[in-house]
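This briefing concerns a single protein chain and is organised by topic. Please consult the sequence and the structure below alongside the text.

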Amino acid sequence: MPLLSRMNEWHKSTWEFIVSLIALLGPPLGMAFYCAYQVSIGSGHEQFRLGFVDVPKYLGAGASYLDVLILDVFVVLALLAGLGYRYYYFRHERDFIKKYNIDAETGVKSLFKSSSRTKGNGNYDSDGGDFGGGD
C-alpha cells in the first residue's frame with residue numbers, strides 16, 4: 001500500500017483527525033500552560049527553564065517565562081488561523097458537494113485519490129482533467 005493511500009485512509013475518520021489535531025496543537029499548548037502556571041505563581045520574569053541543562057547557553061537563551069508564553073500564544077493562534085483559512089478556502093467545494101450530493105472529498109484528501117496516474121500506465125499527459133478521476 002503506497003504512503004499516500006495510507007495517509008488518505010488515516011484522515012477518513014473523525015477520531016483520527018482529532019488525534020492529528022492534538023498532535024499538532026498539543027506541544028505549544030502544553031508549553032503555554034506550563035509558562036502560564038509559572039507566571040501565575042510569580043516567577044514570570046525568571047529565566048525560562050524546562051529542565052536541568054548543563055550548558056548555560058541552552059537555558060532558554062535569556063527568555064523569561066512570560067516571553068515564552070507570549071510566543072506560544074502566537075504559535076497557537078497562527079496554527080488555528082491556518083486551519084481556519086484552509087477550512088474557509090474549500091467552502092465553495094464543500095457547498096457544491098453537499099448541494100449536488102456528490103460522493104467526493106474536498107481539500108487535501110481529494111489529492112490522494114487514485115487516478116489514472118497511479119495505475120502505472122506511464123501516460124501522465126492523458127489525464128483529461130475530468131472532475132472524478134479516471135474513466
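In this predicted model, the largest nonpolar core consists of 7 residues: A32, C35, F48, A63, Y65, V68 and L69. Helices α2 (14-40) and α3 each contribute at least two residues to this core, and α3 gives the most, with 3 residues.

**Contacts around the core**

- Y65, a member of the largest nonpolar core, is in contact with Y34, C35, Q38, V39, S43, G44, E46, Q47, F48 and R49, when neighbours within four places in sequence are left aside.
- Two of these partners of Y65, C35 and F48, are themselves listed in the largest nonpolar core.
- S43, another partner of Y65, is found in the loop between α2 and α3.
- With neighbours within four places in sequence set aside, the contacts of S43 are Q38 and Y65.

- S43 counts as buried because its relative accessibility is 7%, and the limit for burial is under 20%.
- A61 also lies in the loop between α2 and α3.
- A61 counts as exposed because its relative accessibility is 68%, whereas exposure requires over 50%.
- The C-alpha atoms of A61 and F48 are 8.2 Å apart in space, and the two residues are 13 residues apart in sequence.

**Nonpolar surface patch**

- I70, V73, F74 and L77 make a nonpolar surface patch of about 380 Å².
- L77, one of the patch residues, lies in helix α3, which spans residues 65-89.
- L77 counts as partly exposed because its relative accessibility is 48%, a value between the limits of 20% and 50%.

**The chain as a whole**

- The secondary structure of the protein chain comprises 4 helices and 0 strands, with the elements in the order α-α-α-α from the N terminus on.
- Of the 135 residues in the protein chain, 20% are buried.
- The protein chain exposes about 10,300 Å², of which carbon and sulfur atoms supply 63%.
- Among contacts in the protein chain with a separation of 6 or more, 36% join residues 24 or more positions apart.

Notes: Residues numbered from 1 in each chain as written. Predicted model: local features only at pLDDT ≥ 70, side-chain atom pairs only at ≥ 80, totals over all residues. Heavy atoms only, no water. Patch = residues over 30% accessible without salt bridge, like charges linked within 9 Å, V, L, I, M, F, W, Y side chains within 5 Å. Areas by Shrake-Rupley, 256 points an atom, 1.4 Å probe, with all protein chains shown as cover. Salt bridge = Lys/Arg side-chain N within 4 Å of Asp/Glu carboxyl O. Buried < 20%, exposed > 50% of the residue type's maximum accessible area, 1.4 Å probe, protein only. Core = buried A, V, L, I, M, F, W, Y, C linked by side-chain atoms within 4.5 Å. Contact = heavy atoms within 4.5 Å.
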